[in-house]
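We will go stop by stop, with something to select at each one.

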Protein chains: 2
Amino acid sequence: MQNKDFLDFSVKLADLSGKIIRKYFRHEVFAEYKEAESPIVTIADKEVEAALREAIEKRYPDHGINGEEYGIKAPDAEYKWVLDPIDGTIAFTCGKPIFGTLISLMRKDKYLIGIIDQPILKERWIGTGGETLFNGARTKTSGITDIKKARLATTTAAMFKSESQKKSFQALSDCVHVTTFGGDCYNYALLAGGTIDIVIERTLKLHDYAALIPVIEGAGGIITDWNGKPVNSNGDVVACASKELHNIVIEKISGA
Amino acid sequence: MQNKDFLDFSVKLADLSGKIIRKYFRHEVFAEYKEAESPIVTIADKEVEAALREAIEKRYPDHGINGEEYGIKAPDAEYKWVLDPIDGTIAFTCGKPIFGTLISLMRKDKYLIGIIDQPILKERWIGTGGETLFNGARTKTSGITDIKKARLATTTAAMFKSESQKKSFQALSDCVHVTTFGGDCYNYALLAGGTIDIVIERTLKLHDYAALIPVIEGAGGIITDWNGKPVNSNGDVVACASKELHNIVIEKISGA
C-alpha cells in the first residue's frame, strides 16, 4: 500500500527535523536575511531542509521537491514533497515554541499528506484530507457557525497592506469574539484542534500552505483563498472551522 | 527568615494555579467580557484567583491583595500580593500555551518577588530583583546593545492608538532585527531568558506589570515607562536586555 509507505516516511521526516530543531532552540542562532524584505533564515532552517532533502532523494530519487530554502527539484515529477523546515522563524528566533515544521506530499495538484510538527512541545498534526490526527488521535475543528463566538488568528496585521485589506481585516476583527496575533502555522493546527475558528493571512507560498490543506480539511474545516476558490499562488488564505462560518467570512472579505 | 517564607509560599501559589489551569486548557471555556471594551475573563481566571486569595487569607490574614478579577483588599497593608491569574486570556482561550500566571509580593512600593508561571509548558521564572531563576537555574538577558540585532516583541500593535504612538512603534520596528506579535507576559519571561531583547507595551495595570519587574531586573534587564521613569499607573512599559539598548529605545520613543 503505497500511501501507507508515504505516510510512514513523512513521519520519519518529521522525527528527523525535530531532532535538529531541538538542538538549536533557545541557543544562539543569529538569523540572517536572505535579501532585503525577504524572510529570515537560520542555520537550523538550512540544516533541517538539507537533511529532509537528503532523506527524500535517497528513498524516492524520482520524486520532486519544493523547499523554502533550497528551491525546486524535478517540478514535473508525479509526486512532489513540499517542505518548510521552520514556519515561524521569527518565533523560533525569539524562543517561542509555537513555530512548526511543514511537510507535505502532493501527487500532481492533489494534496495527499500534510504534517504540522511542533518539535519542542512534541505536538504533531497529520492530515490526509479524509482525517486529521493530533498526536495519534482524531481531531476536529470546533464546528462553530456563529461569527460572534469565533476566535480569529493572524500572524501579524502588517500583512494587510492595501486600504481594502486593512478594512476587511478590521471588519472581521470587530465582529469576532477575540483576535490573537503571532502563531504562523500553529494557528492552523489549533484550528484543526478546535480552539481557533478563523485564520486569515496573505502572501503565503506553496511551502507555507501545502501542509495546511490536508490538516484543515481532514479535521472538517475549510481552507480557500479570499474569494472562496482553492488556495493558489496569490497566497491569500482564509481557513474556517465550518462551512457556515466560511460563507460569512468570505462575504465580509471577498474582493479586498 | 521571612523572605524565604514568602518565596516558598509564592511558589506554592504558582503550583496551585497551575493545577487549576491545566484542568481547563483546550477544554470548552467560553470567555466573557466583563463589560464593553474590557478584557475577557473565563471560569479558569476566576477559579485561580479565588483559590490564591483563599490561600493568602489563610496564611497571611493581614496582607493586602490586588487581583485582576476580585479587586483590592487592605490597600494600606505593609505587604501586598498582586495577582493576575491568567495574563493572556485570549491566548489561553485560543489554546496557545504562551500565557502566564503572575504572582508578586510588594512591601509598600517595593517589588520583592515576581513569578511568571507557564503551567502547560511547566516553565517558571522567579525574580527577586537580585536574581532570576528559570526552572531553578540562574537566567540572564541577552545583554545585547546593538538595536540592529534586537528582537522586539509586543502583544498587539493595536495597543498603539495615537499617531505618535504608532509612529514610535513603527520607527522601533523598522530598526530592529525582527518583530514578534502575541505573547503577553511570556515576552517578558523570554527577555529574562535571553531570546527577546525589547518588549514595548501600553495600558498595563499593576497586576500586569508587578511580577515582571523583579523578573526582568533580577536577570539584568531594565524595565521603565516610555520616558525612562519607574513603571507607574499610566501603564506604559518598555523592557530591554541592557542599559545601552534601553537608552537607545527611550530616545526613539520618549514623548510619544
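How many aromatic pairs does a search of the whole structure find over all chains? The search finds 26. Rings of Phe, Tyr and Trp (its six-membered ring) pair if their centres lie within 6.5 Å; planes under 30 degrees apart count as stacked, over 60 as edge-to-face and the rest as tilted.

Before you click, some ground rules. This is a predicted model: local features need pLDDT of at least 70, side-chain atom pairs count only at pLDDT 80 or more, and totals for chains, interfaces and linings use all residues. Residues are numbered from 1 along each chain as its sequence is written, chains are lettered from A and ligands numbered from 1 in the order in which they are written, and side-chain values use heavy atoms, leaving out hydrogens and water.

**Stop 1: ring pairs**

Select Phe160(A) and Phe169(A). Their ring centres are 4.6 Å apart and their planes lie at 15°, so this pair is stacked. Buried means under 20% relative accessible area, exposed over 50%, and partly exposed in between (1.4 Å probe, protein chains only).

Now go to chain B and select Phe9(B) and Tyr60(B). The centres are 5.2 Å apart and the planes make 90°, so the pair is edge-to-face. Phe9(B) sits in helix α1 (residues 2–24) of chain B, while Tyr60(B) is in the loop between α2 (43–59) and β3 (64–67) of chain B, 51 residues apart. Helices (H or I, at least four residues) and strands (E, at least two) are DSSP runs, numbered from the N terminus. Both Phe9(B) and Tyr60(B) are buried.

Back in chain A, select Phe6(A), Phe9(A), Tyr60(A), Tyr79(A) and Trp81(A). Ring pairs link them into a cluster.

**Stop 2: strand β5**

Select residues 79–87 of chain A. This is strand β5(A), and nine of its nine residues are buried. β3(A) and β5(A) pair in the parallel sense over four bridges. Two strands pair if DSSP finds at least two bridges between them. Find Asn66(A): Val82(A) in β5(A) stands opposite.

β5(A) and β6(A) pair in the antiparallel sense, over seven bridges. Asp87(A) stands opposite Gly100(A).

**Stop 3: a five-strand sheet**

Stay in chain A. Here is an open sheet of five strands, in the order β12-β11-β13-β15-β14, with mixed pairing. β12 (178–181) and β14 (222–224) stand at the edges with a single partner strand each, so one side of each has no neighbour in the sheet. The twist averages 15° from one strand to the next. Angles run from 0 to 180 degrees between N-to-C directions, with axes fitted as lines to C-alpha atoms, for helices over the stretch in contact.

Select β11(A), residues 151–154. Four bridges join β11(A) to β12(A), and the two run parallel. Thr154(A) stands opposite Phe181(A).

Now show helix α4(A), residues 163–175. α4(A) lies across β11, β12 and β13 (198–201) of chain A, at about 150° to β11(A). Then show α8(A), residues 243–253. α8(A) touches β13, β14 and β15 (237–240) of chain A, and makes about 150° with β15(A). Contact means heavy atoms within 4.5 Å.
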